[in-house]
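Subject: Structure handover

Hello,

Here is the structure I promised to pass on. Please keep it open while you read.

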Amino acid sequence: MKTPIYGLLAEFHSPHEVVEAAERVHAAGFRKVDGYSPYPIEELSEALELHKSHLPKLVLAGGIAGLLGGLGLEYWASVIEYPMNIGGRPFFSWPAFIVPAYETTILFAAGTAVLGMLFLNGLPEPYHPVFNVPGFALASRDKFFICIEAADPRFDRVETAKFLKGIGASAVSEVEH
Amino acid sequence: MASATPHGRHEHDERFQTEADRLIAPGHDFASVTDSISKIVLQRRTPRGWWLGFAFAFGLMQLLLYAVAHLLFVGIGVWGITIPIGWGFDIINFVWWIGIGHAGTLISAILLLLRQEWRTSINRFAEAMTLFAVACAAFYPIFHTGRPWIAFYWLLPYPNTMGLWPNFRSPLIWDVFAVTTYATVSALFWFVGLIPDLATLRDRAQSKAWKVVYGMAAMGWRGSAKHWHNYETAYLLLAALATPLVVSVHTVVSFDFATGIVPGWHATIFPPYFVAGAIYAGFAMVLTLSIPLRKFYGLEDFITMRHLENMAKVMLATGLIVAYGYMCEAFFAWYSGNPYEKYMILNRMTGPYALSYWALILCNVVAPNMLWSKRLRTSVPFLFFISFVVSIGMWLERFVIIVTSLHRDFLPSSWGLYAGTRFDWAAFVGTIGLFLTLIFLFVRFLPAISIFEMRTLVPAAEMKEGEEHS
Amino acid sequence: MSAEPPRAPFEARVEFAGVRPKAERGRALWRSLDELQESPEFLEFLHREFPARASELEDPRGRREFMRVMGASAALAGLAACTKQPEELIVPYVRQPEQIVPGRPLFFATAILDRGYARGVLVESHEGRPTKIEGNPDHPASLGGSDAVSQAAILDLYDPDRAQTVRSFGEIHSWAEFVAALKPVLEKQRAKRGAGLRILTETVTSPTLRQQLEDLLAELPEARWHLWDPGAGNAYAGARLAFGEAVETRCHLDAAAVVVSLDADFLASGPASVRRIRDFAKRRRLSDDGAPLNRLYAVETTPGLTGVNADHRLPVKPSEMEGIVRALAAALGLPIEGGTSDHAAWIAPLAKDLQAHAGASVVLAGEALSPEAHALVHLINERLGVVGKTVSYSAPVAAEGDPASLGELFAEMSARRVEALLILGGNPVYTAPADVPFGDAMMLVPFRVHLSLHDDETSERCHWQLPEAHPLEAWSDARAFDGTASIVQPLIEPLYAGKSAHEVLALLTSRPDRRGRDIVRDHWRPRLGPDFEKAWRRALHDGLVAGTALPETPMTVKLGDWAKAKTPAAAPGLEVVFRPDPTVGDGRHANNGWLQELPKPVSKLTWENAVYMSLATARSLGVRTSSSQDGGTESAGQPTPQGTVTDLVQITLDGRKVSGPAWVLPGHPDGVVTVHLGYGRWRAGRVGNGAGFNAYAIRGSAALHWATGAQVEKTAYSAKVSCTQDHWSMEGRHLVRAGTREEFEHEPRFAQELAEDPPNNLTLYPPHAYEGHAWGLSVDLNACVGCNACVTACQSENNIPVVGKDQVGRGREMHWIRVDRYFEGRPEDPASIRTWSQPVMCMHCENAPCEVVCPVTATVHSDEGLNDMVYNRCVGTRYCSNNCPYKVRRFNFYLYQDWTTPTYKMMRNPDVTVRSRGVMEKCTYCVQRITRARIDAKNQGREIRDGEIQTACQQACPAEAIVFGDQNDAQSRVAGLKASPRSYGLLTELNTRPRTTYLAAVRNPNPEMPKASHG
Amino acid sequence: MSQIFHHSTNTLAKVSIFGAVFGAGAGLWLLLEVNRSPYVTNVGVAREQPVPFSHAHHVGGMGVDCRYCHTSVERSAQAGIPPTKTCMNCHAQIWSQSPTLEPVRASLRSGRSIEWVKVNDLPDFVYFNHGAHVNKGVGCGTCHGRVDRMPLMWQHASLQMEWCLECHRQPEKYVRPKAEVFNVAWEPPADWSASGRGAELVKEYGIKPRTSCSTCHR
């Protein structure tokens, strides 16, 4: 009868409400859920039981790659490729080589951190269904939202809407694709 | 449950007491914070004051273009450098700018890790300042060379047809690595911090064009719990990485001198007191910028007296460390008994450039001690004044280190004198123009204060209270 | 190139715009004839990374092109590393000359003239282009050594400012036209037996020229030949007094244990100076051949090389000199009165020392001394019984001229008795005494001809200016100080339409079109024995005609009235001493950039003469000096970043005035000032014009060498001069290490004890091993007299540019080797001053501080321990220079090299890269010579022999103070010297491990002398 | 709030970030390739000459020895370009009327040199010595290729520094018996590297190639 939708978006006025609501939603067994807030609320992600981020491991890997890459380059260039007697110093002047390696370590690690964050968040993603909801603009100002996706097995266009009203949503709107 | 996010909720209760203590004026909520900051960027009319300032800065920047063009046509000889003083304004300004460029990352990263909430309202433009200062600094290592048109890529390791590689033992190569890394990481850090605010601007912007622009930059940020979850981790990690970086950069810069054999350069004390000096100079510049900024855009609610005073305290502390560094230099020279070192310090104090040395002592040793007084520390005009004094002092420090050390080293037969030419000055003033130009563009088109972080300071953001309600 | 270039808009080119003509098209680092061709601008430019573009802002077209190219280069930035070569052409010979092998230089023996006297040289020639001048080991005046002036002669050859065509009042003419114009004049003169013909020459030693002149005078008996040499002194006149005839005095310093110089700067000037340095240094080197250390006493006014190298130096006013000579004579028991008593304390032990070494001592009299004083000195030497031992006499080498000769000519011209004046060389309009306005009188002569290298002040006033052929372009001959004749042979066809004096004189004869070669050969044909051709070839090959040295003739002094005391003319005011300039001479070298930029031996001034005076005199005049941290005076004038500012002082002498910058010279006696001749020229060329002030303007014919009664006062103005070493003191650092003979005999290692070197295992890193060769260099500070020959030799060998006065003032001189000068003693007391010279070139440190800091490995160590400098890799951070404790690195702040003037391209050493703008450069130990020797040795399947490689400075050094070699080879000379107890390194406490080391100086003071003179 | 971007921008954005990173790398790689390409090095580009002199004909065809024209190759840094006279030694008799040789005759008549285009052109700050190489068993062909197959001369090797170093670092790969130096057709036997003959020659000829900067740059 109606066109399929992406999900339902519930609006809340305060951080406490949204966190509370999130806990309820989760308790109710919804899993394809996401909350939206104008600033980071750790409690919200806890309420939705988002699993731990893998970012730290990635960054560590990036750092190690940078370290080995830097040292490797220095060793190869000044010992293997073109060894030169520079000021009577040995070809592998490791104390001097620490500095650039140190910098590449940080460079690679930082790069990984940013790209990793974007990747894990699926960004860039300029288009997203929730943007279709007119009021959602306030998610970056002073409003809080919870969105239950239609893809969730327990999702029911009517019931879920009621449920959301029930847990104190000031407004519930349908999100088109 | 409490004190979870890096913004240290725990000390909330004593946060709103006295005038001087508070980080944000009372009566603000999410909306007001958001609107009052974003309106600076989104307002249709550009204030006349901005235009005037920008025109001035842009004018100065033209000097830089002129100086560079002249340099390329005629040669590095248009500068005052000679043998034995092979470095002059070029490296002085390089170190000076790099030093200034330290406050931003320091405030954002180290204070973040130290959970200093007062950083929140100043870190954004401190970071921007860092980027712009580094841009100005990066100008010199390239253009101080005799052949900049090849220097800019021969300094990088890449597989070339000559089979040659840079000399990784040279502090200048360390500089290349350190500065490029620092610039990149600071830029990333700054940009990551901007993403949520860009989303805010995207959602607030009136014209379609700006929506698109900010929308592109925001990359579709929705502020979802998942986003924030990874975002916070990334931001913390970046801070953790930027902290050792910021310390390493000025350490490496100090190696340019410390690893040399020139009396007055060859000193182990350099790294620590260069870093301290950098922070010192950096905070001075933050003050120089933030004081007019808060006045002009009426941001006193967010950049409060407590911010200014804290910065003054940091300056006092680092200033004392720097002073200690000077003392050590003099002491080492005397204690080492090395004739060259002895002559060097004596020459600094009584030689042809004694004036600059004593001026430096006045600016960097005497002046900051006035900050012991709470009255002065909380007097905005005085802080504005002292911030200039400190900037001048730090410039003089580099002048003393570079010029007075080089002009009389080992063989009296090769001693010489140095003075900057009008092209030295043009380049220096020009970089200041570049710096200001970028600053003006920044405050016009990007939020000078981190909106989403300010939201976390709004009382309503208090989970605890919330639970009490329910 | 003829027009004066417009002043450039930037300080950039203001100065050396003069040195090099307007630089438009940046030409390649040019290497051999093959590459002389022009090539496409754009790639050209990319290839060279815009060198000579500095000037392009001037014309809009250039600016546009620059922008075009800038854009392109930005686009191709990635390629710039090794951009496309511009297409170059190869231009082979059509018929290849026999002995020429492209790429291999040839050496020819010839002679360079030094004020008329021959100095034997070997000239290096690449594909027919002379590029470098070396001393001729077989020539008595050289023995392989050389001096700055003869080194710089190569630059004169290629000077683009040389007179290039026959001119008449600026109009370009041809030789034919001149001959046509000469004809009627000549016929007229023939008719009246030359009554109206006058010929003016400089000192002439050329047998051929002399013959030609004498023949001409025989043909035209009424004609007169005049001589004028502004630097000539009273030697011949003195000899006439003493012996009744003019004789040439020779001294054999290698046989002298005690040498006394009475204002005779024999190390710096005179036809035998190079030889005398060699002989003198032989007795200073403390070499194993056991020649005992000699002792040098110097009595002089202006601190000169001889004085600063003396064991005892007595600074006196010129007016005191004669009294001292008499006192010395009296002290030696000669019946001479009128001796001064002021310096008795100094003279008594001196006389004692002389007598103690009777037979092995020698007294030399300076040219400036009066004839009487010269005669007295002859008498003293006779009394010391050294004639035939350290002193000998021969017939005069040069045609006798006396200063009066010019006066006579002047009188005749003023009386309109001269109808035709032929000036062969010289520049009398500029050099004539002030009271002899030669230039004005000359205008009364209806036919005036001037033959000269440059279109100079005299040419300006002549009907005909004839371009003279440079000695390297023409056939001639000349005699050395001892009479030895050399054939001067051309190495290259005249670059311009030049002719030699021989050919010009021939124009006056019945056979006007004889070529120089024939004239010279015809002169020698009867004199070279039966097989002329063989002897001729031999003479050309050896660079001298064997057995032409004039025989020694015994002489005895005849006492006369001259021995009687004269009452010295005491006049109020200061005394003034006139001397030819140490580098540009009497002005003849004024347009030679190398000599202009060569620091004066003691004052280290460049591009300038000054009014030298003592500190006391300066203070009395209120002249500013700069004071040191402890309040003492540390340098003359007021050093500034752009040069040294000093007060202008005005000298008034007999109503004539001249003003010049005051310059305090430690060791200069009070109450007298010294001015050098040869500056203030207004028609020298683009280099010499306007440099310094013209001291001839106050020089009277009555007092050519020194005058009394001068007023000197400070003016309201100041001048900026360029001095390469402002600072006087060594600041108590052990840089030049010196001791007395006693100290040396008591502790041979005294020099090494002055500072302890860090142990080899001090460093964290294991040292690099140098198998094979390990090049090293040793400088003997006792032999070195500081004559600067090495500096110019290096400049010539290594294509070192001239940067101009302004740049030198800014501390940007480019010399790869410099001679540092330090003063010891109290500046207020001239007698206490001791002066040290120390040649400093790259030390090639094994732990080179410069290399470590170079970001692009543009300076690294070679496997033989050379500190290589790779110009094409250098990006010009100048970090290496900052970190070099010896400050021997030089930086191309601008495009100093002249890449446009064609003649300069021909002059350059094709084995050395011509450096571009923005790169560092420095001494390479003449790596091009090392490489040549290595390849030759390899091709011949042998090892490099010790001494096979000579660096340019070593080869030029007349004192043999510089020795280069393989310090890994225990047999090598350099290894031996480095093992000497006197050997020490400069600043070795920094653990730089320099390959260049020094041998400490050992002076030989007379313990009986008054202490004051020790300092 | 309404949707600002179209659905497709998501992919677009992701791709562009990815593209930026790899685009930079590709750009650098391209530059380096161009740098080594004949566009820059002129390798294999036959050059027009005032006289179409054919090495293929003179060397390959008639077997003229290199040294007949390049006389100084064993003694000097420069191999030496033959003077016009050398050409006329033969061409006074053969092809003495050929129009293609007119420039040569003209040169001899007028005494003006023939201006050949330089094919193997090193930068002027590089000092190469033919004698040193030829006398140590480095064959002409090693650097100049099969000139006996070049109708018009072209550049065989890049002459870039990395190319020089290649041989200076491992001469045994490129050295040949001295007897074969002027035999441009000489090819190392198949088992050359295996046989270790190269190493022997390096020892025998006392070859000590240097990679110090001043070996070629002064």
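Below are notes on each chain, then on some local details.

This is a predicted model, in which local features need pLDDT of at least 70, side-chain atom pairs count only at pLDDT 80 or more, and totals for chains, interfaces and linings use all residues. Residues are numbered from 1 along each chain as its sequence is written, chains are lettered from A and ligands numbered from 1 in the order in which they are written, and side-chain values use heavy atoms, with hydrogens and water left out.

Chain A

Chain A has 5 helices and 4 strands. Helices (H or I, at least four residues) and strands (E, at least two) are DSSP runs, numbered from the N terminus. Along the sequence, the order in chain A is β-α-β-α-α-α-β-α-β. The radius of gyration of chain A is 25 Å, well over the 16 Å that the globule rule gives for 177 residues, so chain A is more spread out than a compact globule. That radius is taken over C-alpha atoms, and the rule is 2.2 Å times the number of residues to the power 0.38. Along the principal axes, the C-alpha atoms of chain A fill a box of roughly 80 × 35 × 30 Å.

Of the 177 residues in chain A, 55% are buried. Buried means under 20% relative accessible area, exposed over 50%, and partly exposed in between (1.4 Å probe, protein chains only). The accessible surface of chain A is about 7,500 Å², and carbon and sulfur atoms hold 65% of it. Such areas come from the Shrake-Rupley method with a 1.4 Å probe; for residues, only the protein chains shown count as cover. Among contacts in chain A with a separation of 6 or more, 81% are between residues 24 or more positions apart. Contact means heavy atoms within 4.5 Å.

One peptide bond in chain A is worth a look. Leu123(A) and Pro124(A) are joined by a cis peptide bond, with omega about -5°. Pro124(A) sits in the loop between helix H4 (94-120) and strand E3 (144-149) of chain A.

Chain B

Chain B has 18 helices and 0 strands. Its radius of gyration is 24 Å, close to the 23 Å that the globule rule gives for 470 residues, so chain B is as compact as a globular protein of that length. The C-alpha trace of chain B spans about 85 × 55 × 45 Å along its principal axes. Buried residues make up 70% of the 470 in chain B. Chain B exposes about 14,700 Å², with 72% supplied by carbon and sulfur atoms.

A cis peptide bond also joins Ile83(B) and Pro84(B), with omega about 10°. Pro84(B) lies in the loop between helix H2 (48-74) and H3 of chain B.

Now follow H3 itself. The axes of helix H3 (residues 89-100) and helix H10 (residues 270-296) of chain B come within 7 Å and cross at roughly 70°. H3(B) and H10(B) are therefore roughly perpendicular to each other. Here, angles under 35 degrees count as roughly parallel, over 145 as roughly antiparallel, 65 to 115 as roughly perpendicular and the rest as oblique. Axes are lines fitted to C-alpha atoms, for helices over the stretch in contact, and angles run from 0 to 180 degrees between N-to-C directions.

Which residues meet? From H3(B) come Val95(B), Gly99(B) and Ile100(B); from H10(B) come Phe274(B), Ala278(B), Ala281(B), Gly282(B) and Met285(B).

Chain C

Chain C has 32 helices and 41 strands. A compact globule of 1015 residues would have a radius of gyration near 31 Å; chain C has 28 Å, which agrees. The C-alpha atoms of chain C fill a box of roughly 85 × 75 × 70 Å along the principal axes. Of the 1015 residues in chain C, 67% are buried. Chain C exposes about 32,700 Å², and carbon and sulfur atoms supply 54% of it.

In helix H25 (residues 789-797) of chain C, 9 of the 9 residues are buried, so H25(C) is largely enclosed by the rest of the structure. Asn799(C) follows H25(C). Although not a glycine, Asn799(C) has a positive phi of about 50°. Asn799(C) counts as buried, at 7% relative accessibility.

Asn991(C) has a positive phi of about 60° and is not a glycine. Asn991(C) is in the loop between strand E39 (983-984) and strand E40 (996-999) of chain C.

Best wishes
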